[in-house]
Structure formats: structure tokens, C-alpha cells
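Work through the following exercises with the coordinates at hand. Each task is followed by a stepwise solution.

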Amino acid sequence: MAGATMLQLQERVLLPRTAWKLADLAVLSLLLALLAHRAASLLAVTAGGAAPACTWCWLAALVCEAWFTVVWLLTVNGKWNPVRIDELPAVDMFLLALDYPAGKLACYVSDDGCSPLTCFALREAAEFARLWVPFCRKHGVSVRAPFVYFSSSSGAGARDDEFQRDWTAMKSEYEKLVSRIENADEESLARRGDGEFAEFVGAECRNHPTIIKVLRDSGKAGDGNGIPSLIYISREKSPRHQHHFKAGAMNVLTRVPAVLTNAPIMLNVDCDNFANNPQIALHAMCLLLGFDDEVQSCFAQAPEKVHGALKDDPFGNQMEVFYEKLGFGIAGLQGMFYFGTGCFHRRKVIYGVPPESTDVQPTRMRVSPSHKELQKMFGSSKELIESVRSTISGEMFVTVPMVDLASRTDVAKEVSASSYEAATSWGQEVTTFCRFGLVYGSVAEDILTGQRIHAAGWRSALMNINPPAFLGDAPTGGPASLTQYKRWATGLQEIILNRNNPILLCISKHLEFRQCLAYLVLDVWPLRVPFELCYTLLGPCCLLANRSFLPKVTFCHHHIILAETFSNHTECRLSARAWWNNHRMQRIVSSSAWLLAFLTVVLKTLGLSETVFDVTCKEQDGAPDGGDPERFTFDSSPVFIPPTALTILTVVAIAVGGVAGAAGGPGVGEFVCCGWLVLCFWPFVRWLAGMGSYAIPWSVRIK
């Protein structure tokens, strides 16, 4: 209507946080004062003045502390522009009564393990959904994951007898579902007489043809239950072709839906996550469609929240401070990072289409590309090319013709073949701005892809809603936690060492300078290893060598950083115990997982090894060994060798320094530093000489 005011579906409001910024400036002045003191002391040596007790120790400390200051500045850059995102105004309450039309939803499940048990479980879940979805809508159930709902609801004190009867019947059906899945046998499923799982016979995890099964077609069901289509996909694997880990699976999950349903919006969720808010699709649409210019919202990323999170984050992997302090700050720059799960994407952005508002020459993806050009980019499938053409035309609300999904499985199998990407642009950068699908070249494919999207000029949105959009699992125990950190750090160092690192993207493309610095907060994780390891070793080495590396002042660099991180945790309403757990795990991770990741990528760069995609085990109930879930556990993995060696060195250094101390040698500061290390590595100290299932394995101690 002419002259009418357009109602915004969302709004970003910049938060000033003046006092917070003044505190950061005060911290910066203290850090610079310490660096100046060390530098002046070293310069005094060359001027013939009084030298510090150990020149090489002070020089090493100066280099390390200068690096820590740079990392601190990168972090502060990401925090300085926090925003509050307001969406779904009160006048639109009628909209909240809806979840989303089932006919516009299709669920694709990728099974890279090619397991008939997974396919069977999905089929059984689809049948259960015919009862579960109507129950949720009839009784206003907001928690749609049945294992969560039934574990937190007893049905007692029900508001009426009908609900009590329905709740009891539904819980019984759910228990039957769980029993059928848990008692199913993979081998017997593959050899069933009805041939439903015959395609799995003889299939190997890394060598099998594509298997696609339409378990439910909402266009044909016609039962009015509001259940979306459900399609099982196990892409072809062959020793002759690279499968590119999760990025390869995600690119198959981009192509297969393109020839079946071709929705303009895609949501990807990891297998250990579940939807915690039934209105997430509506919230995402407000973020993706609520801007005047679509360049502002190439994707909407939800923070990763942990279901059944252990109290006080004993393994330092719940990332609460990161999302609350850095997340909102990064959202005020070029936008939140892509974290590989809980993210709504515009399909055309995944196809490499640049935003129209970028000040660049038109690319092949912006103008109308020819059939031959599309074939070279996206492969030989005629159906996929037509799907891509309709997507890059920019039509968001094109009505997709209703088709029998089962009749198009042959086309879907064609685009999920292991050889399909050969001589195409999938996963590659082929023009100045275009890349197609998730980018290959790093096991941190999510961060790499997000960087490339932002480098094309797009902006992203943070979807922070209450209740949280998705909940997932976090690894518990030492081995699983460190394996996850090692994989992350390996992928991040691969990014830093290739042409897609944020510095080059900032110089040559459209990645904004402050967004580049924000990406470096994560990307330099493994590069922190040499400096943190050197600084950690200074204390024990000075005690053993009867030297000193700490200034004769009442505070040091480490004290300032500790005080600031403690303040961040209290501001995020976390306990002192949570702060301590995150601090000690950061010390353990940097000397174990990050160190091995650093060495792995160095060896790969030298051509001496290949990157391995480490799969993280995430247990839903209790500890991996059935014991205390908060206990730090060990195995014989090499990841435990460096921190064990560091623990032994520190304990020996304290003993030697206490006996052989002399005038002019180490002061109280060096002993406090080593004592602090012992506290950080206390799980290693405790089980170094212990026996039993929780002790450090003898193979690790000997090495």
C-alpha cells in the first residue's frame, strides 16, 4: 500500500556498553605497561645497565606476552560491537500459533556409515510421528523431542483425564519404538525376506553404491497429520574417489534435495542435535526475510546449546562465554560464523551467488549463465541444472510442482555418485567470488565455508531465541573432549595455511577488516601452541636452572588475563567453578590437542602425512565408562603424552627448586607459577602414580 510503513520482522539494536569498553582500555594500558617494562629491562643490558637475572628468559617471556596481547586484542575486537536482535513483534502473535506448513518441509538424513539399522530406525520413527505430531498439536506440547519430553514429564497431575489417557498411550508407543530399534540386528535386517533392506547386503562403509529411500512423501500421504517428507540418503563411497568428509556429505545433501524438492532455504543439523523450539523455522524466516536487503542475511546461525549440560562445564566445551560475549559482538560486525549445525542457509548462497549490492563486476553467477557454463560448474545432471537455474533467478516463493519423490530417486542417485563432482566446481573456488557448495580443504569445513560466504560480501544473522532453537550433546571425559578440540584446531590451522585464510580474503575480496580479525580469534588457536608452551615451560625451567623470568611487581600478564576472564564468566551468570574448569581445560587443551593438531598440519604441509577426520564420541547418558561423568578420564592416545610429560617436569622442578634455591635465583613468583600449573594439571598429577581404570596408562607414562 502506498505510503504505508513496512513492519520489520526483526531489528538489530547496537548496545553501547561504554563502561565495558573503558575497562578494556584500562586492561590494555596494563598489558602495554608490562611489555614496556620487559623491553626496557632488556634494553638496559645493551646500554650497560643492570640486567635481569636471566636475559634469555625475559626475552622469551617478552615475545610470548606480546603474542598474548595480540590474541587479547583480537578477542576484544570481536566483543566491542554487541547487538540485541529483536524479532517477531507482538502484533504478529497470530503467526506464533503456527509451526510451519508440513507441505513446505522435507527432511533429508545423511548416513555416511551406510547402516541398515539407521534406515530402519528412521522408518520406525516416521511411523511413530503419525501418532506423535497430532498428540503434540492437540495438547500444545512445545518440547518435540520425545526422549526429552518423557524424561521430564510424568503425566501426573494432568489437567484432564483425556490428556492422562493420551499421555500414557503415547509413552507406551514410544517405549515400543525404542525397544524395536534397540533390539534390531543389522545383519538380520539386511537379509529380511521382504527385500526392503536388500541394497545394504554386501555394502561396506567406505565402498558401496548410493542408497536413497523415500520413507515418507507428504505429497502422497494425504493423512493431514502435518508430517514432512522424510528421505534417507547414503551417498556412494569408492576408494577411487575422495569423499571430503562432512563437507562432501553436505554437498550431496545440497544436490539431492535440489532435484527432489528444491526449497530455497536449507537447514542443516548434526545427528546429535534436536529441535528444542517448534517455531524455529518461523524465527529463521523473520531473520532471512526481515531485512530490506537480502545481503544482510545469507544464513541464520543458532548458538550451540548443550542438552543436559554438566554443572560448571567440567570439560570446558559448552562455549557459553564465547557465544554470549563474542557471539553478540560478531553479530554486530559482518555477522555470526557458520558452525556446521543449527544453521538456515539461502540455497543460492551455497551455490556461490554473490549479493547484488557488492561493488564488483557481474560474475557468471549473477548474470544468466548458459547451459554449458552451468554444466561445467554443477555437473551433467539436466534436472540439477534446471533446479540451479530456478534458484539463482532469485525467486524465493516459486511453487514447486508436486511430484512423486520415489519416481525421481534415480536422478537423486546420479547426483550423489562418488564420481559426480569430477571436473565440476563443487567445493572449489573457480572465479574471483564464486565457490560452489561447502568448501573443501579443511576438516573445519564450516568455518572455511562461512569465511568464503562473508568474503563474497554477504552478511549473516545470529538466531538467539528463547527457548533455544537446538540442543545437542557435548563430549565428556578426557579422550572425547580432546579429540574434538584436536579436530577443530587441525581444521583451523589448515585454513590459516591455505589461500582462504581471512587475511588474504580481507585483502583481495569483501571480508571486512574487523570480521577478519574476529575470524582470527578462532583460526589462530593452533598457532598459540608455541607461545603458550614456551611460556608454560619458563616456570619449571627457571626453577631447574636457578633463574627468574617474572618482573618484581605485584602483578603480571597472567594475572590480568585471569581477572578479565573471571569477570566475563560472572557477567554471563556462571560460577567461579565454571571459570576455573574452563581455565584449566584451556591449559590442558593447548598442551595436548592443539599441540598435536599443530604438528599434524605441519607434517601434512611437508607432505609427510595426511589429515584424519577424528569422529568425536558423545555419550547422552553418564560417562563413557559408566562412571562419574565429570571425571577426567585417560586412554593410550598420544594426545596425553605432552601434558603428562609437562606434569612430571613441573613436579620435579618444584622439588628441585625448593631444595637448591639460591640468592639471585627464582623468586616466589616462579614457585607460584609452577604451583598454578600443578593445579591446572591436577587430573594428571592425581592419576600419574595411580592404578586402576582411571589411571594414566603405563604406555603414556613410559613415552
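**Exercise 1.** Determine which residue of β10 stands opposite Phe299.

*Solution.* Step 1: the residue opposite Phe299 is His345 in β10. Step 2: the strands concerned are β8 (residues 299-301) and β10 (residues 343-346), which pair in the antiparallel sense over 3 bridges. Strands are DSSP runs of E with at least two residues, helices are runs of H or I with at least four, and both are numbered from the N terminus; two strands pair if DSSP finds at least two bridges between them.

The model is predicted: local features require pLDDT of at least 70, side-chain atom pairs count only at pLDDT 80 or more, and totals for chains, interfaces and linings use all residues. Residues are numbered from 1 along each chain as its sequence is written, and side-chain values use heavy atoms, with hydrogens and water left out.

**Exercise 2.** State whether Val652 is buried, partly exposed or exposed.

*Solution.* Step 1: locate Val652 in helix α24. Step 2: apply the classes, with buried under 20% relative accessible area, exposed over 50% and partly exposed in between (1.4 Å probe, protein chains only). Step 3: Val652 counts as partly exposed because its relative accessibility is 41%.
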